[in-house]
Amino acid sequence: MSTENIKKTILRGGQFLVKETNCDDVFTPEDFSEEQRMMRDSAKEFVDRELWAHWERFENKDYAFTEECMRKAGELGLLGVAVPEAYGGLGMGFVSTMLVCDYISGATGSFSTAFGAHTGIGTMPITLYGNEEQKNKYVPKLASGEWFGAYCLTEPGAGSDANSGKTKAVLSEDGKHYSISGQKMWISNAGFCNLFIVFARIEDDKNITGFIVENDPSNGISLGDEEKKLGIHSSSTRQVFFSDTKVPVENMLSERGNGFKIAMNALNVGRIKLAAACLDAQRRVIGEATKYANERIQFKTPIMNFGAIKAKVAEMATNTYADESASYRAAKNIEDRIAIRQEEGNSHQEAELKGVEEYAIECSILKVAVSEDVQNCTDEGVQIFGGMGFSADTPMESAWRDARISRIYEGTNEINRMLAVGMLIKKAMKGHLDLLGPAMKVADELTGIPSFDTPDYSVLFSEEKEIIAKLKKVFLMVAGAAIQKYGPQIEEHQQLLMAASDILIEIYMAESTILRTEKNAKRFGEEAQETQIAMSQLYLYNAVDIVIRKGKEGIVSFAEGDEQRMMLMGLKRFTKYANQPNVVALRTKIADKIAQENGYFIG
């Protein structure tokens with residue numbers, strides 16, 4: 001498709017809320033090219049051979065083994081997928097980089113963290129913000145795995161408030177170098193990295209500045225002991241201390257005071273990549289849980305035959321399917337936006353930065369949704385294994401612990417929930433997204449007489465798509481009324497923002513799932529997509545429940561009297577099914593297929 005045609009069909013960030021998307025305009029995992037499928041298979045083969053076969057070593061705090069596996073990944077070119085060819089990488093598109101991140105991250109959180117920290121926040125700031133000299137000097141070594149990178153942002157007193165760090169950078173009298181002094185914590189890959197991306201404050205600057213700092217212990221750099229952590233046991237995580245560490249002025253990254261911007265844009269990419277890194281973990285957990293449930297005999301029958309187990313497996317698979325659908329939908333949007341910007345004359349750096357920034361709302365949505373799904377998936381995996389799931393002799397126990405950090409990485413889920421709605425409101429205020437017009441239409445609709453016609457729902461997903469359109473009205477109704485009441489002070493009402501965010505998240509995830517299945521049913525036939533149709537309907541049913549609960553929570557917390565009664569009536573109208581799905585039948589259909597295939601069978 002030409003970039004001109006892409007421009008016409010691609011939605012801008014956040015527009016999914018106010019514009020209808022045609023299923024033919026979304027990218028799905030079934031659209032992977034032959035090259036992408038080969039990349040996926042190569043990553044899976046590496047993981048099965050080098051990581052999954054030795055998962056116990058990662059639990060025994062074998063940091064050297066993690067480093068060894070990272071070097072092997074470098075030799076296979078897996079560390080340079082996102083790096084332009086000019087700097088020794090493969091120069092692949094955004095979808096391909098997501099794909100590799102997805103399939104290389106499923107076996108253990110220890111390697112997943114090392115991989116993500118190196119390829120993402122350890123390398124990407126230089127490829128996207130470095131000058132030519134910096135990129136030529138450092139990026140080829142990072143892309144090949146000759147060197148490893150780490151990212152020094154967090155400080156003991158500065159967690160979510162990233163710009164409040166106290167690490168200082170003082171310019172020398174001869175103006176040739178900066179002396180950096182300060183303490184950083186929770187630094188992934190610190191124990192074996194060759195360079196740090198360090199953020200420090202020059203004088204009393206409002207914003208921090210980024211620096212490329214080579215790891216030389218003789219230059220005032222020392223490390224704390226390896227942190228004792230709940231999970232990711234073989235991910236090297238240490239404090240880093242800088243004491244008058246001399247950094248040449250030419251190693252400043254971008255411009256003075258631009259560090260906060262670098263950090264925030266790195267987090268946008270990190271959020272969607274973290275979602276990708278949680279996908280194959282779910283597939284593998286489902287696979288292990290299904291095999292166990294098929295083999296475990298209780299009361300003279302495999303436990304997979306019990307409805308209670310079927311319900312768990314069906315929900316695990318459904319959420320994984322939804323997570324895949326939404327993650328790759330957003331990834332392709334980003335890739336297309338990057339292509340449009342490059343066609344318009346932007347450099348690779350600028351195009352990628354702006355392309356990802358455009359979909360920062362979707363990145364935050366995915367980070368929250370998928371990280372919580374992987375936690376639930378591993379929790380149910382432990383439960384299916386029963387007592388054995390609690391034992392460190394099976395991989396379920398470590399999977400559960402490793403999953404927990406994903407709700408904290410890349411900005412906590414609480415921060416990301418508020419960011420998603422906050423960024424949406426800011427886009428509307430800047431005129432980049434029309435929220436006011438649709439919100440006013442919904443307000444008018446509340447006072448109008450509803451239609452009592454019985455629509456024709458004979459076409460696949462006709463009712464489901466109508467429900468999604470109505471869920472969007474719920475968000476516009478609740479968020480619109482809250483903004484009208486509180487104005488710019490809405491940011492102070494965090495619980496309302498969190499409730500609105502949960503509605504927003506469910507809309508994007510449910511719509512992505514329905515659109516994927518609709519597209520594939522048109523291509524491959526409804527019969528071939530029978531299980532996926534059931535998963536799409538089950539996900540939407542669950543989403544509607546969440547929207548009802550969170551919508552009510554918001555309405556009763558800020559509206560009173562007639563306004564409250566009117567909005568509660570609207571909530572009921574906008575979340576009503578004409579034909580309620582048979583939830584037990586849907587779960588049974590999904591679980592039976594998973595049992596038959598002995599694991600997650602899609603893709």
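The model is predicted, so local features are taken only at pLDDT of at least 70 and side-chain atom pairs only at pLDDT 80 or more, while totals for chains, interfaces and linings use all residues. Residues are numbered from 1 along each chain as its sequence is written, and side-chain values rest on heavy atoms, with hydrogens and water left out.

Rolling a probe the size of a water molecule over the atoms shows where empty space is left. On a 1 Å grid over the protein atoms alone, a cavity is a set of points where a 1.4 Å probe fits but cannot get out, whereas a pocket is an open set with protein on both sides within 12 Å along at least five of seven lines; lining residues have an atom within 4 Å of a point. Grid points are joined across faces, edges and corners, and a volume is the space filled by probe spheres set on the points.

The second largest pocket holds about 650 Å³ of space. Its lining has 21 residues, and those closest to the centre are S451, E466, K470, R573 and K576. Two or more lining residues come from each of α17 (462–486) and α20 (561–574), where helices (H or I, at least four residues) and strands (E, at least two) are DSSP runs numbered from the N terminus. Helix α17 provides the largest share of this lining, six residues. By class, the lining comprises 10 nonpolar, two polar and nine charged residues; here Ala, Val, Leu, Ile, Met, Phe, Trp, Tyr, Cys and Pro count as nonpolar, Asp, Glu, Lys and Arg as charged, and the others, Gly among them, as polar.

Three cavities of 30 Å³ or more are present in the structure. The largest cavity has a volume of about 70 Å³. Among the residues that line the largest cavity are V421, V478, A482, I483, L497, G554 and F558. The elements giving two or more residues to this lining are α17, α18 (494–524) and α19 (530–558). What classes of residue make up the lining of the largest cavity? It has 11 nonpolar residues, one polar residue and no charged residues.

The second largest cavity contains about 40 Å³ of space. Its lining includes P29, F32, D102, R283, E324, R516 and G603. Two or more of its lining residues come from each of α5 (94–104) and α11 (307–343), and α5 gives the most, with three residues. The lining of the second largest cavity divides into six nonpolar, one polar and four charged residues.

Helix α11 also takes part in a packing with α19. Two packed helices are described by the angle between their axes and the distance between the axes. For α11 and α19 the angle is about 90° and the axes are 9 Å apart, which makes α11 roughly perpendicular to α19. Axes are lines fitted to C-alpha atoms, for helices over the stretch in contact, and angles run from 0 to 180 degrees between N-to-C directions. Angles under 35 degrees count as roughly parallel, over 145 as roughly antiparallel, 65 to 115 as roughly perpendicular and the rest as oblique. The contact (heavy atoms within 4.5 Å) involves A314, E315, A317, T318, N319, Y321 and A322 of α11, together with Q532, M535, S536, L538, Y539 and N542 of α19. These contact residues are seven nonpolar, five polar and one charged.

Helix α14 (residues 395–404) is mostly covered, with eight of its 10 residues buried. Buried means under 20% relative accessible area, exposed over 50%, and partly exposed in between (1.4 Å probe, protein chains only). The buried residues of α14 include P395, M396, E397, R401 and D402. Their cover includes α3 (55–59), α6 (109–122), α10 (279–295) and α13 (360–385).

Some single residues complete the picture. S254, although not a glycine, has a positive phi of about 65°. S254 sits in the loop between β8 (252–253) and α9 (259–277) and is partly exposed at 26% relative accessibility. K300, also not a glycine, has a positive phi of about 65°. K300 lies in the loop between β9 (297–298) and β10 (301–302) and is exposed, with a relative accessible area of 85%. D48 is placed in helix α2 (residues 34–51) and is partly exposed, at 38%. Not counting residues up to four places away in sequence, D48 touches A53 and R284.
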